[in-house]
Amino acid sequence: MERNIPVFGSRLRNNIVTVPEVISQCSGIRVFGQSIKSFLFSTDVAIIRNTNANAIIAVYPFTPQPVISNALILAADKPIFCGVGGGLTTGVRSLELAIHAEFQGALGVVLNKPTPNSLITLLKEKIDIPVTITVVSEKDDIKGRLAAGVDIFNVSGAGKTSDIIKKIRDLDANVAIIATGGKTEETILDAIEAGANAISYTPPSTGELFKEIMDKYRLEE
């Protein structure tokens with residue numbers, strides 16, 4: 001028998017960024033007792049505060065700065081996985097960023113594709129939250145990442161995402177996988193069926209969301 005789920009909302013907070021319902025079909029990843037199926041890929045504080053996603057993956061194309069991760073963690077009302085470099089920012093600096101993120105309350109850290117396996121091993125020795133590595137191609141050193149002790153793969157391979165997930169699953173049936181699911185239910189389901197445990201969803205920009213509201217206001221004139 002299907003159980004009734006009580007729903008509570010707000011007249012003032014009913015306009016939120018909702019992730020696709022199909023994501024609920026994921027198995028989820030349990031981190032310190034919290035089950036996470038949907039990640040919102042964003043560093044926009046306003047969007048982070050107004051979404052039904054289970055967690056936030058906060059990675060951005062600039063040098064990671066503690067003040068940014070601190071601001072996001074303080075503002076968020078849900079778990080955050082913080083980017084700590086791995087490309088231009090690496091080695092001891094990435095380690096210090098990861099330790100700072102953990103101390104500030106991050107639930108996990110995310111490393112970029114160029115990260116050397118030695119840094120993954122170092123982080124696993126020094127921090128007590130999951131270490132996530134981004135994978136963008138089937139040619140990435142997945143075996144080396146597994147040997148280094150990575151906890152979670154963050155697969156972002158565009159049209160090749162499902163193929164990359166399958167390759168990871170062939171090497172390790174149990175390792176945790178987050179995957180970008182794209183914008184359609186079909187591509188999200190493809191990632192889930194390939195073996196993704198959780199889906200990362202990219203929301204519309206604040207500008208795009210504002211456009212919808214402004215268009216509605218104009219029609220009311």
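## Helices α6 and α7

In this predicted model, helix α6 (residues 161–171) and helix α7 (residues 185–194) cross at roughly 10 degrees, and their axes come within 8 Å. Angles under 35 degrees count as roughly parallel, so α6 is roughly parallel to α7.

On the α6 side, the contact uses S162, I165, K166 and R169. They meet D190, A191 and A194 in α7. By class, the contact of α6 with α7 has three nonpolar, one polar and three charged residues.

## Helices α3 and α4

Helix α3 (residues 91–104) packs with helix α4 (residues 117–126) at an angle of about 35 degrees. The axes of α3 and α4 are 10 Å apart. Their crossing is right-handed.

G91, S94, L95, A98 and E102 supply the α3 side of the contact. L119, L122, L123 and K126 supply the α4 side. The residues of this contact divide into five nonpolar, two polar and two charged.

## Aromatic pairs

The count of aromatic pairs comes to two. In one, the rings of F39 and F81 have centres 5.2 Å apart and planes at 85 degrees. Planes over 60 degrees apart count as edge-to-face, so the F39 and F81 pair is edge-to-face. F39 lies in strand β3 (residues 38–41) and F81 in strand β5 (residues 80–83), so the pair ties together parts 42 residues apart in sequence. Both F39 and F81 are buried.

The rings of Y60 and F62 have centres 6.4 Å apart and planes at 35 degrees, so this pair is tilted. Y60 is buried, with a relative accessible area of 16%. F62 is exposed, at 61% relative accessible area.

Key. Residues are numbered from 1 along each chain as its sequence is written. This is a predicted model: local features need pLDDT of at least 70, side-chain atom pairs count only at pLDDT 80 or more; totals for chains, interfaces and linings use all residues. Side-chain values use heavy atoms; hydrogens and water are left out. Axes are lines fitted to C-alpha atoms, for helices over the stretch in contact, and angles run from 0 to 180 degrees between N-to-C directions. Helices (H or I, at least four residues) and strands (E, at least two) are DSSP runs, numbered from the N terminus. A crossing is left-handed if the near helix is turned anticlockwise from the far one by less than a right angle, and right-handed if clockwise. Contact means heavy atoms within 4.5 Å. Ala, Val, Leu, Ile, Met, Phe, Trp, Tyr, Cys and Pro count as nonpolar, Asp, Glu, Lys and Arg as charged, and the others, Gly among them, as polar. Angles under 35 degrees count as roughly parallel, over 145 as roughly antiparallel, 65 to 115 as roughly perpendicular and the rest as oblique. Rings of Phe, Tyr and Trp (its six-membered ring) pair if their centres lie within 6.5 Å; planes under 30 degrees apart count as stacked, over 60 as edge-to-face and the rest as tilted. Buried means under 20% relative accessible area, exposed over 50%, partly exposed in between (1.4 Å probe, protein chains only).
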